[in-house]
Amino acid sequence: MKRPALAIGPPLLAVAAFLAGIGCGGARTASPTASETRKLLYYSCPMHPTYRSDRPGKDPTCGMDLEAVFDAGKAAASEGPSAVAAIDSDAKRLLGVAVAPVEKAGGTRTFRLFGRVAADEGRVYRLNAGIDGFIRDVSPVTTGSRVRKGQLLATFSAPASISVIQTYILNLGSADRYRKAAAEGQAEGQALGAANSNMRQRVDMMHNMGISDLQLDEIDKERTLPEQLKIFAPADGIVLSRNVSPGLKFDRGAEWYRIADLARVWVLADVFENEASDLRPGARARLSVPGTGTALEARVSEVLPQFDPATRTMKVRLEAENPGLALRPEMFVDVEVSVAYSPAITVPLEAVLDSGLRKTVFVERGEGRFEPREVRTGWRLGDKVEIVEGLAAGERVVVSGTFFLDSESRMRAAPAIASGEKRP
């Protein structure tokens with residue numbers, strides 16, 4: 001039962017010895033040059049910071065040269081902060097440390113979203129009753145039917161509308177008479193303005209009752225009281241709802257029909273909150289209906305302020321022309337939005353160490369010397385990440401072997417931490 005433990009032990013010891021050898025033999029030291037103005041505290045081993053000595057020498061455990069620790073928390077052996085990692089060329093080659101230049105570059109990112117088709121609210125027409133009455137006849141149009149502008153949908157009667165229509169017809173005759181008198185220069189023509197004002201009031205009243213412009217045109221032409229009033233489709237579109245039937249009594253405000261003009265539609269897609277700011281109004285998008293091969297162009301309208309805490313997403317609204325009514329309300333579509341990013345400071349993604357609390361890169365400070373530097377990142381495109389703060393174009397950063405450099409820098413900073421100083 002103990003043999004597996006004995007078999008695993010030697011490899012682990014070998015790995016530990018290898019890493020210790022790199023830390024002890026690979027770290028480069030220099031003679032103290034700036035210690036005259038600082039108080040020497042003690043000597044310590046970077047590999048074993050708990051070991052301290054009042055004189056220079058070597059660590060009896062690993063044989064590594066002891067480094068001086070001063071009251072400023074910096075080692076005289078280094079030319080910068082004690083966290084700077086220093087390795088020789090052999091260790092650099094063994095650890096696979098590679099560097100790459102910091103570049104200024106842009107790019108294009110494609111967001112792939114899942115969207116739902118909705119009617120453009122600015123193209124939805126609600127036909128409501130403006131007066132009490134009852135339905136007489138109803139056309140075969142039902143929910144989901146396509147209708148044309150001016151198509152007859154139903155007829156109704158409203159007894160309270162008769163007096164208004166009759167007054168309007170009388171005003172039409174008076175207006176004709178006053179118009180003729182004004183053309184002939186007669187005094188009676190001065191009443192034309194008042195007659196026109198009365199007609200406009202009657203027209204507004206009839207509109208408020210639900211009488212359409214097409215019905216008014218018929219009254220203007222025939223100058224007779226219609227036996228029944230007509231409900232016409234206000235635009236080409238799809239019937240979203242129908243709430244009429246022959247003989248149905250309705251109250252003022254009741255909705256007869258709801259019709260949507262689907263020549264242009266909305267697409268509502270979910271986008272994560274950290275990506276919403278990248279989808280700006282005007283961005284071009286491509287829509288595709290799964291399983292049909294239908295592809296259409298769209299444009300980002302706006303990112304809506306509503307937030308869904310369950311999915312941590314926001315809604316982005318797109319507008320799309322809809323030839324042939326290929327898109328219908330409640331259909332699901334795939335959305336691809338391409339966003340172009342302006343040139344910015346970028347590094348390979350592998351160069352950034354993300355601890356969750358901060359993000360760090362290692363900057364080359366000379367042959368074999370690497371400085372850890374905290375950075376702030378922005379967008380990410382493929383294997384490139386934007387550096388918003390912390391780097392400049394032309395610097396060189398480590399893109400491979402960052403884990404070992406991070407360990408080395410921590411060991412070099414350990415004496416300062418052990419003496420109560422904060423890590424720089």
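The legends below describe close-up views of a predicted model.

**Figure 1. Confidence along the predicted chain.** The protein has a mean pLDDT of 80, with 81% of its residues at 70 or more. Confidence is lowest in helix 1 (residues 3-26), where the mean is 41, and highest in strand 14 (residues 255-260), where the mean is 96. Over residues 1-37 pLDDT stays under 50, and the model has 37 contacts beyond four places in sequence for this stretch. Residues 72-82 also stay under 50 in pLDDT, with 27 contacts beyond four places in sequence.

**Figure 2. Helix 5 and what covers its buried residues.** Helix 5 spans residues 213-222, and Q215, L216 and I219 are buried in it. These three residues lie on the same side of helix 5, because they cover an arc of only 100° around the axis. The cover over the buried residues of helix 5 includes helix 3 (162-183), helix 4 (192-209) and strand 11 (229-232).

Figure 3. Five bridges join strand 7 to strand 14 in the antiparallel sense. V124 has A260 of strand 14 as its bridge partner. Strands of a sheet pair through backbone hydrogen bonds.

**Figure 4. Aromatic pairs.** A pair of aromatic rings is described by the distance of the centres and the angle of the planes. With a limit of 6.5 Å between ring centres, the count comes to five aromatic pairs. The pair of F250 and W256 is edge-to-face, because the ring centres are 5.4 Å apart and the planes stand at 80°, with planes over 60 degrees apart counting as edge-to-face. F250 counts as buried because its relative accessibility is 6%, and W256 is buried with a relative accessible area of 2%. The pair of Y341 and W379 is tilted, because the centres are 5.2 Å apart and the planes stand at 40°. Y341 lies in strand 19 (residues 332-348) and W379 in strand 22 (residues 369-381), so this pair ties together parts that are 38 residues apart in sequence. Both Y341 and W379 are buried. F250 and W256 also belong, with F156, to one aromatic cluster.

**Figure 5. Arginine residues over aromatic rings.** The charged end of R317 sits over the ring of W266, at 4.0 Å from its centre. R177 lies over the face of Y178, 5.1 Å from the ring centre.

**Figure 6. Two hairpins that share strand 21.** Strand 20 (residues 353-354) pairs with strand 21 (residues 359-364) in the antiparallel sense, over two bridges. L353 stands opposite T360 of strand 21. The hairpin of strand 20 and strand 21 has four residues between the strands, and G356 takes a positive phi near 100° there. Strand 21 also pairs with strand 22 in the antiparallel sense, over six bridges. E364 has F370 of strand 22 as its bridge partner. In the hairpin of strand 21 and strand 22 there are four residues between the strands, and G366 takes a positive phi near 135°.

Note on methods
Residues are numbered from 1 along each chain as its sequence is written. This is a predicted model: local features need pLDDT of at least 70, side-chain atom pairs count only at pLDDT 80 or more; totals for chains, interfaces and linings use all residues. Side-chain values use heavy atoms; hydrogens and water are left out. pLDDT is the predictor's confidence in each residue, from 0 to 100. Contact means heavy atoms within 4.5 Å. Buried means under 20% relative accessible area, exposed over 50%, partly exposed in between (1.4 Å probe, protein chains only). The arc is that of the directions from the helix axis to the C-beta atoms. Two strands pair if DSSP finds at least two bridges between them. Rings of Phe, Tyr and Trp (its six-membered ring) pair if their centres lie within 6.5 Å; planes under 30 degrees apart count as stacked, over 60 as edge-to-face and the rest as tilted. A charge sits over a ring if NZ of Lys or CZ of Arg is within 6 Å of the ring centre and within 35 degrees of the ring normal.
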